[in-house]
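Trainee: I would like to go through this model one element at a time. Please give the cut-offs as we go.

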Amino acid sequence: MTDKKTENATVEVDGAQFSTVTEGLATILVPQGAKVGEDRGEVQQVFYNPIQQYNRDLSVLAIKAYGEEALEKRKNRKQTKDAKHGKKRKRGDENGTKTEESEQAEQAEQPEQQPESEPAPDGQNAAKTTKPSFKMLDALSASGLRALRYAHELPFVTSITANDLSASAAKSIKQNVKHNGVEDIISVTNGDALSVMYRTIADSLANGENNKSWKKSSKFDVIDLDPYGTAAPFFDAAVQAVRDDGGLLCITCTDSAVWAGHSYCEKSFSLYGGTPIHGMHSHEAGLRLIINAVATSAARYGLTIEPQLSLSIDFYTKVFIRITKSPQAVKFLGSKTMVVHSCDSGCGAWETQYLMRAKAVTNKKGDGAYYKYGMSLGVADQLCKHCGTKMHINGPMYGGHIHSRHFIERLLKQIPEADSQVYGTLPRLQGMLQNALEELIPGPEETAALPPRDKEYARIDHYPFFVIPGKLASTVSCATPGDDIFRGALKHLGYVAGRSHCRPGSIKTDAPWSTIWWIMAEWIRQKAPIKTSKFKPNTAAWRILQKAGLLQEQGGAGADAADKQPDVQMEGVDVEVKEAKEASTEQPVPNDKKGLTEEDLRKTLVFNDALVRLGREGKAQNLVRYQMNPRENWGPLTKAKSN
């Protein structure tokens, strides 16, 4: 699905000739004769990138879903507070005198008669005085198109600050704001985005907001960061300048060579505090690096993050993160931060290692539980347990869930009602959101008697990455199993099998790597015979096939290098090591089928049409799940330069 824009007739503004480009409900002015990005042979003269309409469509709909719910929650909180204060006042009146509590309640209510409302400009409709405040910052606004669309398409927004460091960009934004008739909503600033956000933080401190004052918040409800390249330099300011009762950060990073490549590990570490993964799941790891950088920035100020939606799109990432003040939740950050041991030059397997652990402990009375925090015990080997190849360490990165099911479902509900003439990328939006839903595989639930909120804080993603059958087949040089039949095999054995939005052909599953390679071995036995003589001893493919019993005729020379590794234990922790190894032991099949022998499973797992149908069950049809490049030179434009 290609992005849509509309080029209109020539207009004259302040004596200059402009053509116009319309996207959504907003229109920007383009200097006469300037190109808008399609012809790379021309000098870029205007800050408009048609390739990123998908990004802007997604941002508008996501902020709409967030804003409607946030304002509703804020309204309910006010009603609850008003009812509580009313009861206190009534108790004082019944006694004929005002009690101290009733006087305090009245005083507390006085400044909240118009809670968080924007004052109406002179001559404006009085109804605007009761419109709840909803402030946004478009920190790196370029042409202002993003801010213009927010002003036109989000009915609850009361003020938007559109900022850009470039003087020419700020001038262009002012022209576009006037042309769109939204001067009452959008204010334009020309300066460093960091300065804008730090001034907001300073105003917040001056208003006493950190002391839970009743004063109206001076912070932004939503901050949108969409720079050329990385957004990392803005994380520290953004987490402080957004509201700390659930404000939303919208972050775009276009430096995919850094967070998804392996050639700039040092740059990735300096920007995001971790190293990327070299492998098929590198883009999902990149998302987790970016989210972890935001989480660590927020934790310094007692703020916790809640990822709502995290997508790798074309050449960039887009993440939506809620920020909440919660020192209690910050305690779980170490136990939700992981490093990944990757067999990136062998079979592609991985193993996660969390930096800390949050263990549920029953209290002394036995009627409840609490979390106890401690260091994790490392259990990974230097060599891959499946193919004996050297493992590399990646991260640290975020190890919690990177999506919110509730948020995605709210987004999906908007799509049937959205105007396709306004949102030109709706089919792709629906397909990618559906993929994101399939990534949310539930892990084992904590059974201790803990508060639900603590359980939510402690929840980690036990199945953070995906596999691609074609890559697995390439490792062992066999014919590739179809996606449906591979999903069917996983479901037949009792596992979950969905997709990842990051890559076509990907499969997200809760099956361990031992099961995945066992299925591949069965595929080779039944449908994809291999020529055993072509595999050289001690290669990754040879070790996998040898362990599966497919190369028995070649003898036992060159036994698995992983099996030769000595057990290394620290004095005094023998029991703990044993418990950790037992806890991490992978079973080739789920617990409900452990009674079956391997031979029994071979008889029940048959690669036929029934397995294909099983793999297709529950699959939504006619969705644009992955985007194809619609034209040549598909990618980001050149970096903007100020005059």
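**Sheet, cores and selected residues**

Mentor: Strand 8 (residues 222-225) and strand 9 (residues 245-253) run parallel and are joined by four bridges. Helices (H or I, at least four residues) and strands (E, at least two) are DSSP runs, numbered from the N terminus. This is a predicted model, in which local features need pLDDT of at least 70 and side-chain atom pairs count only at pLDDT 80 or more, while totals for chains, interfaces and linings use all residues. Residues are numbered from 1 along each chain as its sequence is written, and side-chain values use heavy atoms, with hydrogens and water left out.

Trainee: Which residue of strand 9 is the bridge partner of L225?

Mentor: Two strands pair if DSSP finds at least two bridges between them. Strand 8 and strand 9 have four. The partner of L225 in strand 9 is I251.

Trainee: What is the strand order of the open sheet of seven strands?

Mentor: The pairing in this open sheet is mixed. Its edge strands, each pairing on one side only, are strand 7 (186-190) and strand 10 (303-313). From one strand to the next the twist averages 15°. The order is 7-6-5-8-9-11-10.

Trainee: At about what angle does helix 9 run to strand 10?

Mentor: Helix 9 (residues 282-299) lies across strand 9, strand 10 and strand 11. Axes are lines fitted to C-alpha atoms, for helices over the stretch in contact (heavy atoms within 4.5 Å). Angles run from 0 to 180 degrees between N-to-C directions. For helix 9 and strand 10 the angle is about 155°.

Trainee: Which residues have the most contacts inside the largest nonpolar core?

Mentor: A nonpolar core is a set of buried Ala, Val, Leu, Ile, Met, Phe, Trp, Tyr and Cys residues joined through side-chain atoms within 4.5 Å. Buried means under 20% relative accessible area, exposed over 50%, partly exposed in between (1.4 Å probe, protein chains only). The largest core has 97 residues, and a second, separate core of 57 residues includes Y54, I313, F315 and I408. In the largest core, the residues with the most contacts are M197 and Y272.

Trainee: Is H403 buried or exposed?

Mentor: H403 lies in the loop between strand 16 (392-398) and helix 11 (405-414). Its relative accessible area is 6%, so H403 is buried.

Trainee: Which residue's side chain is joined to that of H403 by a polar contact of 2.9 Å?

Mentor: A polar contact is a pair of N or O atoms within 3.5 Å; within protein, one must be able to donate a hydrogen and the other to accept it, and residues adjacent in sequence count only if both atoms are side-chain atoms. A polar atom of the H403 side chain lies 3.2 Å from the backbone nitrogen of S310. The side-chain partner at 2.9 Å is E439.

Trainee: Where is Q414 found, and which backbone oxygen lies 2.9 Å from its side chain?

Mentor: Q414 is found in helix 11. With a relative accessible area of 10%, Q414 is buried. Not counting residues up to four places away in sequence, Q414 touches L61, K64 and A65. The backbone oxygen 2.9 Å from a polar atom of its side chain belongs to L61.

Trainee: How many disulfides does the structure hold?

Mentor: A disulfide is a pair of cysteine sulfur atoms within 2.5 Å. The cysteine sulfur closest to that of C387 is in C343, and at 3.4 Å this is too far for a bond. The number of disulfides is zero.
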